[in-house]
Amino acid sequence: MILAYLRERLSWILFFLFLQLLFLFIAAVDSQIPFLPILYIVFLSTMFFFVFLVLRYNRETKFYKSLQAWDDTYDLSAICEPEHPFETISMDILTLQTERFKRESSTRLMEIEGEKDDLLSWIHEVKTPLTTMQLMIERVEDETLKAQLQYEWLRIHLLLDQQLHQKRIPFIRNDLLIEVSALEPIIFQEIRALKSWCMQKGIGFDVSLEAAEVLSDAKWLGFIIRQLLTNAVKYSKSSDIVIESELVDDHVRLTIQDSGRGIDPKDMSRIFDKGFTSTTSHQDSAATGMGLYLTQRVADALLIRIQVDSKLGIGTSFTLIFPKRNDFVSITGM
């Protein structure tokens, strides 16, 4: 701030120094003017000038220091009251811009909320014909056609479910219910939902749960497991998906391991990025690049760490590391 103040007043400082040099020059070339008294006057005036600069620095920069320390809460009361005309002009413009921004932000937020509510309403409306379609599919006698219809129905169901949770994630902290949840019913519920798809691809499950319970939100944990199982089934064929849990250093670790195509090492750092799809099968138009992105966002809200191990052509392992009980103190509402 000192350097900024000196740069702001540089023209005034240079003008003052120019005047002092001018006085000394005139005294030096004019023999009738005594040089030493003029030099003494220049010295005193220079000293007073620099003392004046120091005193004015604290007063003139108080407003700008508070402006520089102003955070992003848009609370104008945190800024010092302006004491000078230019400060008043700056404060008036800043107030107008802040109020305009607040109005526009409030309008945009209301629009987003309206769009979210409309989309959620639409998704719930679509679920009704989907349920009817499922009942109709169950009455189909041709097993081959039935399996194909169930697979396509499941794809639509999973996409709608993903979209539904995507719209809810920004408000996830208002929806959390952290409690001791049994892993087995959550996992088996998700496996049953994927049964028709797994039967079509010849995929089985090997479930071994040494740690039977975790402290988490059962509904959102089910969403995480659903996304990981969907990925495992999607990229596997005629093999078992291994699901294991264990307790390590007071942390429950849940591992979902498949024997699918694996992840290319150059993609590992990007798999949780929004919209990223594998470079190995980039032509796969069915991939949305949203599943793992949403999984990571929900895991962050639940304080779950995700570890990924993968070998190209061998398979991929996702490990969910659950937090200790005391870690949930940081979650709002606990």
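Buried means under 20% relative accessible area, exposed over 50%, and partly exposed in between (1.4 Å probe, protein chains only). The model is predicted, so local features need pLDDT of at least 70 and side-chain atom pairs count only at pLDDT 80 or more, whereas totals for chains, interfaces and linings use all residues. Residues are numbered from 1 along each chain as its sequence is written, and side-chain values use heavy atoms, with hydrogens and water left out.

**Exercise 1.** Determine which parts of the chain are tied together by the pair of Lys219 and Asp175.

Solution. Step one: Lys219 forms a salt bridge with Asp175, and the closest N and O atoms are 2.6 Å apart. Step two: Lys219 belongs to helix H8 (residues 218-234), while Asp175 lies in the loop between helix H5 (143-168) and strand E1 (179-182), so the pair ties together parts that are 44 residues apart in sequence. Helices (H or I, at least four residues) and strands (E, at least two) are DSSP runs, numbered from the N terminus. Step three: Lys219, at 41% relative accessibility, counts as partly exposed, and Asp175, at 32%, is also partly exposed.

**Exercise 2.** Describe the geometry of the aromatic cluster formed by Phe16, Phe49 and Phe50.

Solution. Step one: rings of Phe, Tyr and Trp (its six-membered ring) pair if their centres lie within 6.5 Å; planes under 30 degrees apart count as stacked, over 60 as edge-to-face and the rest as tilted. By this rule there are 4 aromatic pairs. Step two: one of them, Phe16 with Phe49, is stacked, at 4.0 Å centre to centre and 10 degrees between the planes. This pair links distant parts of the chain, as Phe16 is in helix H2 (residues 10-29) and Phe49 in helix H3 (residues 35-68), 33 residues apart. Step three: the ring centres of Phe49 and Phe50 are 5.7 Å apart with the planes at 70 degrees, so that pair is edge-to-face. Step four: Phe16 is buried at 13% relative accessibility, Phe49 is buried at 15%, and Phe50 is partly exposed at 39%.

Key. Salt bridge = Lys/Arg side-chain N within 4 Å of Asp/Glu carboxyl O.
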